[in-house]
Amino acid sequence: MQLVLEKRAERSRIIALVSPLIAIGLTLVTMSVLFAVLGKNPITALGVYFIAPLTDGYSLQEIAVKATPLVMIAIGLSLCYLANAWNIGAEGQFLIGAVAGSWIAVKTQGTEAGHWVLPAMLVAGGAAGALYALIPALCRVKFGASEILTSLMLVYVADLLLDYLVRGPWRDPAGFNFPTTAEFDPVATVPVLIEGGRLHLGSIIALIVVAGAFVLLERTIKGFEIRVVGVAPRAARFGGFNANQLILLTFAVSGALAGLAGIIEVAGPIGHLQPGISPGYGFTAIIVAFLGRLNPVGIFIAGLFLALTFIGGEQAQITMKIPLDVTKVFQGILLFYVLACDSLILYRFKLVLAARQVQSGAG
């Protein structure tokens, strides 16, 4: 007998809904084993990761702060993935958006500029992210280059550009030689929603992005076009849909949202530009997109869950001396199980007789 994967005649809606829950369950089991190997009580560690942050008001605000860039980036990525265009470089688009928006903050530093500064920074960040994302999109459309490789390589270009700027021309002269710009002026920072906390206006923008993406995909012709091009390219061609134009559009929107998230992060919780402004938001957002089934509402929920792992990981590092890198291990394992469980949507396990057994039986 052999255990083989057989392609399903049609997708199972039940398995599609249950698949993320199975992936999360398997991840929790695997993490429990890892905690035990590290000499920690698995029940206590999981409680610190997933229960403790939900019992504190400040931690709840921090979850929303962490979820803001994750949700915004993942929404943009989901549009690309639904259109069968693979943007893996959202991290670079996040960074380049932060750099472009920060340029305005640096140039207006101490000039008593008006309230136009923050809107200009947001526009600059979004525009820079869109233009940066169009580079791999154009390379695919014009030259047939893999957008996976080109978008990923551009992440390192953006990271090195940011590093050069904060260590060189933009470094704060009064910053004790640390690689950072001066603190942004109040007119160049994102307003805080709750006094004494870090919850900022960017969280409201993220909710607007989720609502806009839902309307786009569920209520507009363009959303229908995105789905058709991704699921049935031949039918899309017969329907007159231009796949290349859609690739450019989805990459531009995805890059714009990533760039906007980048400048919001810098002008909000951080308050200045420096290396390491992202703990890997652009890559973690890939997990968020797939865990949320490429659905705006699902992505919102998945973004909150992944944000919970960031905050829980920080608390576990403080209270249980668990390395912060364990959070990245958790996210990597989760992505593995999500992709593995997704195969159950298209395939099912089946026991079949081995070829030799069939032949000997026939003889």
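**Note on aromatic pairs, a helix and a loop residue**

1. W86 is partly exposed, at 29% relative accessibility; with a 1.4 Å probe and protein chains only, buried means under 20% relative accessible area, exposed over 50%, and partly exposed in between. W86 forms a stacked aromatic pair with F290, at 6.3 Å centre to centre and 15° between the planes. Rings of Phe, Tyr and Trp (its six-membered ring) pair if their centres lie within 6.5 Å, and planes under 30 degrees apart count as stacked, over 60 as edge-to-face and the rest as tilted.

2. This pair links distant parts of the chain: W86 lies in the loop between α3 (57-82) and α4 (90-107), F290 in helix α11 (residues 281-291), and the two are 204 residues apart. Helices (H or I, at least four residues) and strands (E, at least two) are DSSP runs, numbered from the N terminus. F290 counts as buried because its relative accessible area is 16%.

3. The model is predicted: local features need pLDDT of at least 70 and side-chain atom pairs count only at pLDDT 80 or more, whereas totals for chains, interfaces and linings use all residues. Residues are numbered from 1 along each chain as its sequence is written, and side-chain values use heavy atoms, with hydrogens and water left out.

4. The structure holds twelve aromatic pairs. One of them joins Y81 and W86, stacked at 4.9 Å centre to centre with 25° between the planes. Y81 is buried, at 5% relative accessible area. Elsewhere, ring pairs link F35, Y49, F50, F305 and F330 into a cluster.

5. Helix α13 (residues 325-346) has 22 residues and reaches 33 Å from its first C-alpha to its last, close to the expected 32 Å, the expectation being 1.5 Å times one less than the number of residues. Its buried residues include V326, F330, L334, Y337, C341 and I345. Among the elements covering the buried residues of α13 are α1 (13-37), α2 (42-50), α12 (296-320) and β2 (347-352), where contact means heavy atoms within 4.5 Å.

6. Where does T181 lie? T181 is placed in the loop between α6 (147-167) and α7 (202-219). With a relative accessible area of 3%, T181 is buried. Not counting residues up to four places away in sequence, T181 touches V106, V166, W170, D172, H272 and L273.
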